[in-house]
Amino acid sequence: MAAAAEGVLATRSDEPARATSEDYKLLENMNKLTSLKYLEMKDIAINISRNLKDLNQKYAGLQPYLDQINVIEEQVAALEQAAYKLDAYSKKLEAKYKKLEKR
């Protein structure tokens, strides 16, 4: 029975060392996976950065055309206002003409 007790003690004293070793292996595997994930995220960030630079260059190339569109839009708004004023003025003239014509 003493031999059996010694075997149990020996097994129990090995268990913490084995568990600690397994914990370290698990942590090592987790660190490796985390490292791989961070590398993937780095690649994604690099691609996003590159695409953003490309988009900014394209936008800069389009900027003169966008400015022209804004100028044209302002001119169209001014022309529209002038057309409304002209329409109102022509209606007043028409009303005056009809009034004078009735005399």
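Predicted model: local features only at pLDDT ≥ 70, side-chain atom pairs only at ≥ 80, totals over all residues.
Residues are numbered from 1 along each chain as its sequence is written, and side-chain values use heavy atoms, leaving out hydrogens and water.

**Overall form**
- The chain has one helix and zero strands, where helices (H or I, at least four residues) and strands (E, at least two) are DSSP runs numbered from the N terminus.
- Of the 103 residues in the chain, 0% are buried.

**Salt bridges**
- The structure holds four salt bridges, each a side-chain nitrogen of Lys or Arg within 4 Å of a carboxyl oxygen of Asp or Glu.
- One of them joins Glu40 to Lys37 (3.7 Å, N to O); the two residues are three apart in helix α1, about one turn.
- Another pairs Asp87 with Lys91 (3.4 Å, N to O), and these are four residues apart in helix α1.
- Lys98 bridges to Glu94, with the closest N and O atoms 3.5 Å apart.
- Lys98 is partly exposed at 45% relative accessible area, as is Glu94 at 42% relative accessibility.

**Lysine in the helix**
- Lys96 is found in helix α1, which spans residues 2-102.
- Lys96 counts as exposed, at 57% relative accessibility.

How values were computed. Buried < 20%, exposed > 50% of the residue type's maximum accessible area, 1.4 Å probe, protein only.
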